[in-house]
Amino acid sequence: MNVISTIKEMQKKRKDLFIDGKSVGFVPTMGYLHEGHISLIEQAKQENDVVVVSIFVNPLQFGPNEDFDSYPRDLERDEKVAKEHGADFLFYPSVEEMYPQERTTTLTVMNRVDVLCGASRPGHFDGVATVVMKLLQIVGPDRIYFGLKDAQQVAVVDGLVSDFNVPVEIIPCATVRESDGLAKSSRNVYLSEQERAEAPALFESLKTAESMIEDGERNPEPVLGKVKEILSQQTSGEIDYIEILSYPGLKPVAKLENKIIIAIAVKFNKARLIDNLILTV
Ligand code: AMP
């Protein structure tokens with residue numbers, strides 16, 4: 001595996017790969033790799049000749065009171081993990097390399113961001129869209145892999161790629177979970193022992209919602225009520241949001257039908273956990 005830290009070198013490699021007729025799968029991450037990231041890398045390996053993984057903790061997508069400085073980082077371990085699971089290139093630019101001077105342009109996301117994490121984290125998806133657009137120009141992949149744990153991110157990138165006619169295929173990948181249902185996340189290390197014990201309630205609440213819908217419930221209100229009851233009874237966290245929306249349009253729904261997302265966010269002491277289920281009713 002080749003570790004690359006400059007944009008120029010990454011773009012040169014991409015040109016060489018294009019000349020050699022190699023397809024490129026790209027997995028953008030913020031590092032501190034876990035099984036969720038690994039599943040994306042392995043899927044990219046199966047579907048492409050070459051896999052590029054990026055590790056970049058993007059300051060633009062963190063709010064002023066968020067965890068940019070304390071976000072967990074471990075490059076040495078990440079290099080080993082990425083290599084072991086089939087990455088051919090690890091793109092690891094510095095903040096100065098990605099954002100060298102005062103910028104002239106930035107992207108503003110206009111749709112799909114007035115709900116869920118977009119509502120709780122103003123500007124977050126502008127930062128995501130800007131860095132993803134930059135990474136797409138640098139890596140030039142045929143396919144880009146995203147986890148559905150961050151389903152709103154997939155919906156926003158889907159809009160971005162379509163709006164700017166980016167010639168890349170988005171591959172959404174299933175959420176990888178701990179054996180007790182907790183979605184794997186780099187931020188799970190922030191949970192106290194007690195919070196970690198409570199955290200499976202997030203997935204449990206979503207599965208209960210799914211069962212209600214499978215049993216014929218078509219009104220969102222009782223489903224939202226049940227999820228709220230489980231989260232407030234079984235966790236000490238503060239509920240940030242519980243929403244049911246259309247997917248990927250992220251519009252409110254009066255009736256549970258077609259493709260919907262049930263998404264939740266709970267703030268614990270040092271970690272804010274998100275989870276969701278996407279269902280076709
Ligand atoms: P992050 O490093 O948190 O920015 O995540 C990088 C990519 O890995 C994103 O596309 C995430 O959606 C994806 N990812 C993170 N956690 C999981 C998980 N538990 N299962 C599947 N994909 C995940």
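**Figure 1. Asp150 and its place in the chain.** In this predicted model, Asp150 is found in the loop between strand β5 and helix α7, the latter spanning residues 151-163. With a relative accessible area of 29%, Asp150 is partly exposed; the value falls between the limits of 20% for buried and 50% for exposed, and the residue is therefore assigned to the intermediate class. Asp150 also belongs to the residues closest to the ligand, together with Met30, His37, Val176 and Lys184. Along the chain, Asp150 and Asp88 are 62 residues apart, and their C-alpha atoms are separated by 25 Å.

**Figure 2. The shell around the ligand.** The ligand is surrounded by 17 residues. Sorted by class, this shell comprises seven nonpolar, seven polar and three charged residues. Lys184 contributes a polar backbone atom, placed 2.8 Å from a nitrogen atom of the ligand. The ligand taken alone exposes 480 Å², of which the protein buries 92%. Two or more residues of the shell come from each of the elements β2 (24-29), α2 (35-47) and β5 (143-147). Helix α2 gives the most, with three residues.

Figure 3. Asn276 is located in strand β9, which covers residues 272-280. Is this residue buried or exposed? Asn276 has a relative accessible area of 6% and is buried, because the value is under the 20% cut-off. The side chain of Asn276 reaches the backbone oxygen of Leu148 at 2.9 Å. A polar atom of the Asn276 side chain also lies 3.1 Å from the backbone oxygen of Lys149.

**Figure 4. The aromatic pair of Phe56 and Tyr99.** Three aromatic pairs are present in the structure. One of them, formed by Phe56 and Tyr99, is tilted, with 6.0 Å from centre to centre and 50 degrees between the planes. This pair links distant parts of the chain, the two residues being 43 residues apart. Phe56 belongs to the loop between β3 (50-55) and α3 (75-84), whereas Tyr99 belongs to the loop between α4 (95-98) and α5 (116-120). Phe56 and Tyr99 are buried.

**Figure 5. The aromatic cluster of Phe62, Phe68 and Tyr71.** These three residues form one aromatic cluster. Within it, Phe62 and Tyr71 make an edge-to-face pair, their ring centres 5.9 Å apart and their planes at 80 degrees. The angle is over 60 degrees, and the pair is therefore classed as edge-to-face. Phe62 and Tyr71 are both buried. At Phe68, the charged end of Arg73 sits over the ring, 5.1 Å from the ring centre.

**Figure 6. Arg177 over the ring of Phe203.** Arg177 lies over the face of Phe203. The distance to the ring centre is 3.6 Å.

Figure 7. Most residues other than glycine have a negative phi, and most peptide bonds are trans. Which peptide bond is cis? The bond from Tyr247 to Pro248 is cis, with omega near 5 degrees. Pro248 lies in the loop between β7 (238-246) and β8 (259-267). Asn258 has its place in the loop between β7 and β8 as well, and shows a positive phi of about 60 degrees although it is not a glycine. A relative accessible area of 52% makes Asn258 exposed, because the value is over the 50% limit. Leu116, found in helix α5, also has a positive phi, near 50 degrees, in a residue other than glycine. At 3% relative accessibility, Leu116 counts as buried.

Definitions and conventions: Residues are numbered from 1 along each chain as its sequence is written. This is a predicted model: local features need pLDDT of at least 70, side-chain atom pairs count only at pLDDT 80 or more; totals for chains, interfaces and linings use all residues. Side-chain values use heavy atoms; hydrogens and water are left out. A residue is near a molecule or strand if one of its heavy atoms lies within 4 Å of it. A polar contact is a pair of N or O atoms within 3.5 Å; within protein, one must be able to donate a hydrogen and the other to accept it, and residues adjacent in sequence count only if both atoms are side-chain atoms. Accessible areas come from the Shrake-Rupley method with a 1.4 Å probe; for residues, only the protein chains shown count as cover. Helices (H or I, at least four residues) and strands (E, at least two) are DSSP runs, numbered from the N terminus. Ala, Val, Leu, Ile, Met, Phe, Trp, Tyr, Cys and Pro count as nonpolar, Asp, Glu, Lys and Arg as charged, and the others, Gly among them, as polar. Rings of Phe, Tyr and Trp (its six-membered ring) pair if their centres lie within 6.5 Å; planes under 30 degrees apart count as stacked, over 60 as edge-to-face and the rest as tilted. Buried means under 20% relative accessible area, exposed over 50%, partly exposed in between (1.4 Å probe, protein chains only). A charge sits over a ring if NZ of Lys or CZ of Arg is within 6 Å of the ring centre and within 35 degrees of the ring normal.
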